[in-house]
Amino acid sequence: QVTLVESGGGLVQPGGSLRLSCAASGFPFDAYCMDWYRQVPGKQRELVASLMTGGTPNYGDFVKGRFIISRDNAKAMLYLQMSSLKSEDTAVYFCNAWQMYANVHTNYWGQGTQVTVSS
């Protein structure tokens, strides 16, 4: 059974920091590209950051050096270190795992963790 479980969300003041974690199980973690997405009610889910094993991280334009994505393949963990948080970063943050192999796209989602940036 595939599971992606996010944690680390919460309420933080503007300018503060949070570290999100995603614990993965049930699939070959190191073979999958791992992403963080976020979604605000009424808006489309948007890509925050993406990282393949041995690859270079990719970030959404809005990140602008404030977030760092990392992964620990030995522990099957994905992380997102967020700093200089702004109110517009308030969203539900989702962990996503995907792979394209033999023309088959496999995609898994976590349940999300709420991040609220407010004074």
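Predicted model: local features only at pLDDT ≥ 70, side-chain atom pairs only at ≥ 80, totals over all residues.
R38 is buried, at a relative accessible area of 5%, where buried means under 20% relative accessible area, exposed means over 50%, and partly exposed is anything in between, with a 1.4 Å probe and protein chains only. Residues are numbered from 1 along each chain as its sequence is written, and side-chain values use heavy atoms, with hydrogens and water left out.

Back to R38, then, and to its charged partners. E46 forms a salt bridge with R38, with the closest N and O atoms 2.7 Å apart; by salt bridge I mean a side-chain nitrogen of Lys or Arg within 4 Å of a carboxyl oxygen of Asp or Glu. E46 counts as partly exposed, at 32% relative accessibility. D89 also forms a salt bridge with R38, and here the closest N and O atoms are 2.9 Å apart. That pair links distant parts of the chain, since D89 sits in the loop between β8 (77–82) and β9 (91–101) and R38 in strand β4 (residues 33–39), 51 residues apart. On the naming of these elements, helices (H or I, at least four residues) and strands (E, at least two) are DSSP runs, numbered from the N terminus.

Which other residue does D89 form a salt bridge with? The partner is R66, and the closest N and O atoms of D89 and R66 are 2.6 Å apart. R66 lies in the loop between β6 (58–59) and β7 (67–72), and D89 in the loop between β8 and β9, so the pair ties together parts that are 23 residues apart in sequence. D89 is buried, with a relative accessible area of 0%, and R66 is buried as well, with a relative accessible area of 9%. Taken together, R38, E46, R66 and D89 are linked in a network of salt bridges, and a search of the whole structure finds three salt bridges.

What does the side chain of E6 reach at 2.7 Å? It is the backbone nitrogen of C95, and a polar atom of the E6 side chain also lies 2.9 Å from the backbone nitrogen of G112. Leaving aside its neighbours within four places in sequence, E6 is in contact (heavy atoms within 4.5 Å) with residues including C22, W36, C95 and G112.

C22 and C95 form a disulfide, with their sulfur atoms 2.1 Å apart, a disulfide being a pair of cysteine sulfur atoms within 2.5 Å. The link of C22 and C95 is left-handed, with -80 degrees about the S-S bond. It joins distant parts of the chain, C22 in strand β3 (residues 18–25) and C95 in strand β9, 73 residues apart. C22 is buried at 0% relative accessibility, and C95 is buried with a relative accessible area of 0%. C33, by contrast, is in no disulfide, the nearest cysteine sulfur being that of C95, 11 Å away, although C33 too is buried, at a relative accessible area of 3%.

Let me turn to strand β8. Why is β8 described as largely enclosed by the rest of the structure? The reason is that five of the six residues of β8 are buried. Six bridges join β3 to β8, which run antiparallel, two strands being paired if DSSP finds at least two bridges between them, and L18 stands opposite M82 in β8. Strands β7 and β8 also run antiparallel and are joined by six bridges, with L80 in β8 as the bridge partner of I69. In the hairpin of β7 and β8, which has four residues between the strands, A76 takes a positive phi near 55 degrees.

Finally, S119, in the segment after β11 (113–117), is exposed, with a relative accessible area of 83%. The C-alpha atoms of S119 and V104, which are 15 residues apart along the chain, are separated by 45 Å.

Notes. Polar contact = N/O pair within 3.5 Å; in protein donor to acceptor, adjacent residues only side chain to side chain.
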